[in-house]
Number of protein chains: 2
Amino acid sequence: MNKTVNVAIMGIGTVGGGTYEILTQNHDYLLANHGIDFRVKKVLDKNLERVKSFGIPESAVASGVDEIASDKDISIVVETMGGVEPAKTFIEKVLLSGKSVVTANKELVSKHWPTLEAAAKKGGAGLYFEASCVGGVPIIRALRESLQANHVNSLVGIINGTTNYILSKMTEEGMSYADALKEAQSLGYAEFNPTADVEGFDASYKLSILSSLAFHTCIPFQHVYREGITGITKADIKAGKELGYVIKLLAIGKRSGDTVEVRVHPTFVPADHPLAGVSGSFNAVYVNGDFVDDLMFYGRGAGARPTGSAIVSDVVYAAERTEPIYSDFENDGKIAAGITIGKDFTSKYYLSVSAPDAPGVLAALAGVFAKNNVSIETVLQRGGSGGASISFLTHTAQESDVRRSVAEIEKLDDANKVVSLVRVLS
Amino acid sequence: MNKTVNVAIMGIGTVGGGTYEILTQNHDYLLANHGIDFRVKKVLDKNLERVKSFGIPESAVASGVDEIASDKDISIVVETMGGVEPAKTFIEKVLLSGKSVVTANKELVSKHWPTLEAAAKKGGAGLYFEASCVGGVPIIRALRESLQANHVNSLVGIINGTTNYILSKMTEEGMSYADALKEAQSLGYAEFNPTADVEGFDASYKLSILSSLAFHTCIPFQHVYREGITGITKADIKAGKELGYVIKLLAIGKRSGDTVEVRVHPTFVPADHPLAGVSGSFNAVYVNGDFVDDLMFYGRGAGARPTGSAIVSDVVYAAERTEPIYSDFENDGKIAAGITIGKDFTSKYYLSVSAPDAPGVLAALAGVFAKNNVSIETVLQRGGSGGASISFLTHTAQESDVRRSVAEIEKLDDANKVVSLVRVLS
């Protein structure tokens, strides 16, 4: 009854190495439970030292992608190289040769999913990417095969480990952004060039994938409104705490009728919301469906072992499925006809304004908000030698109205400055 | 490309009605996403009024299970009758006739899974029961198809909505057990005879199913150590709070090597643990795997709509899968050879002792613990007119050593009484 399934791994870095480790360490376990004798027949990586450091024999190193694509014994190829090229070319080649591909590459999937899926269909192969979003957390499988009954109304996630680590350090230990980033870099949680994480690109790639699945239409990542965490100060975090909030970089996808909102930005999360407790390198996705109501999926968002767990889960899945599954929407890279991306979303807002400490200032600011239909829930004013610091918490307002208010406030008096604007989850 | 799939629903109560509602309300949505035209062709229920209250036409009511089993057009049958009989007989009949069955019936699955699975295999049909555990939370799909790479080390869940509602009311509003139960009953969260929930039977059925899947061996529910919440007092909850704990009815499954522990009992959960925030009718399962590390699945544990969501997810799954999936272990109702159920587990413990307020009492109690290898972490003593109340928090200790200590303490002096014993999650 047992069958042998030969696997190739392209890219033996941290995650590729972790995948190799699971397939070898848990080989007998997978054989016992699934009747599949998984063998890593070939790997592709130029760094021989790194390959050998994982105990992979030199004889398994392929000369190039063609050696893998043309190997009739190999039926599943894992891609853990990262980046767009040459990963894209390699994946297309092996898909067209009829081998299923399992990838952890969110940038590639979010940028070239239609091309890859077309190649998969042409080759009669499967394309699986559970590991591309939220590490070991099986959110993609859940969206595809557990929430079918539901219209997903919203999906709110902490889906980038680096920024969550930095913000947690700033919140829990009072660190500055710069110091927290430095610590994250020294521990390997942030890259030397941290832009992709701290500016929200990584989260926008993942949100693009997750919202496409949740809302059944392509949502290209370019449509995701994106704001990073580099402007977050200790003062913002302190103000949030005083008002009962914890700051998180949230990825938010919402669908209401034919309007879809997708955005990544720092957000004040109410301290008693389940997402508020998601700290450090943990990630979570909070989903609301019309029948299932609220769900949360929580776990390690990165790391060789959790990401490897998601990859091997896809490998087993691909080995057991006789028919691959594809997107349940037209995967052509375009937003489906009739669907609009709502750029002018609504939210509650926290704004901190520095202004001259003079009579009438609060009245003037309040007047600007009122004129623009922004209703204020709470005001906190502190005087000081350098002027006043006034914080506003708004009721739900329109993004455009708030932006217009900000522009008008800064025009009102040269000394006025909107120091912070943080959206608030409600 | 579209195909029609005819479905029958046996038992049109709350959950069966919710299932019907999803299949009709979201009919076009399921057709658009999955290319499947689901039709509820027949229902089985003697209560015509109830059937009609869901807008089901009288013409759809079957005369008996045979009419459903012999209907060649029907390929999937949903069972939402509850209880063991006649559900068991009905399910076997339709499985043998080659129709896949989707059920929410945890009592039936935990008691007769091997028989039902044998019938499914014989009929070439699938048996799906996502809805039997933790309502709309896709924990069964996750254990079966997302965590394959992992040895599951532990699974800790709040998996009974009724008891979580009662304990939450006692904790958050200071209610007594009796009052909280009464409120739960008046809201329909607890049954008139609440035994199955408050004594932990329901949780033990679900734990039996979940641990069997997680540990890849049958774990009959009779092996689950079970303790309910009827003895929990306001004093226990208050003491927990002082020590930084929230009380929850936990279902705990652990596997270490060839030893499996399965138990359901009230437990002090550290206030900063993700499970501590799972309140009211929400449920959650916390899973630890050797590669994925910690994961949590959170959502509505009961109710027509969330449970209906899980059922319809299984219905879609059954309609799309050409080959049904079965257990990946020998499903013969017996614990696999070589595996032992560890009855003498280890835990931290909270014990509250009432004793005469006399010199030497604390020393005597401490002596009993020491003699039995139970090491004490914290002691709290309060004197009073009626005697002393002494609370102990232990380090990790053996269940048998703690039980022996309790017996010896009560033998030491007729006036000594161990008023509470609560295990502590660590």
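So, salt bridges. How many does the rule find across the interface of chain A and chain B? The count is 2, and do keep in mind that this is a predicted model. One pair to look for is A:Asp293 with B:Arg300, a salt bridge whose closest N and O atoms are 2.6 Å apart.

Polar contacts are the next thing. Across this interface, 30 residue pairs are in polar contact, with both partners at pLDDT 80 or more.

Which elements of chain A give two or more residues to the side touching chain B? On the helix side, you've got helix 1 (14-25), helix 2 (27-34), helix 7 (139-145) and helix 13 (304-320), and then there are strand 10 (282-289) and strand 11 (293-300). Strand 11 of chain A gives the most, with 8 residues. If you sort chain A's side by class, you get 23 nonpolar, 14 polar and 11 charged residues.

Strand 11 of chain A is joined by 5 bridges to strand 11 of chain B, residues 293-300, and the two run antiparallel. To find your way along the pairing, pick out A:Leu295, which stands opposite B:Gly299.

Now zoom out to the whole contact. Chain A puts in 48 residues, and chain B puts in 48 residues. Between them the chains bury about 4200 Å², with 53% of that on carbon and sulfur atoms. Three residues, A:Tyr29, A:Gln148 and A:Phe291, supply 18% of the area chain A buries against chain B, more than any other three.

Terms used
Residues numbered from 1 in each chain as written. Chains lettered and ligands numbered in written order. Predicted model: local features only at pLDDT ≥ 70, side-chain atom pairs only at ≥ 80, totals over all residues. Heavy atoms only, no water. Contact = heavy atoms within 4.5 Å. Buried area = accessible area lost by both parts, 1.4 Å probe. Salt bridge = Lys/Arg side-chain N within 4 Å of Asp/Glu carboxyl O. Polar contact = N/O pair within 3.5 Å; in protein donor to acceptor, adjacent residues only side chain to side chain. Helix = DSSP H or I, 4+ residues; strand = E, 2+ residues; numbered from the N terminus. Nonpolar A, V, L, I, M, F, W, Y, C, P; charged D, E, K, R; others polar. Pairing = 2+ DSSP bridges.
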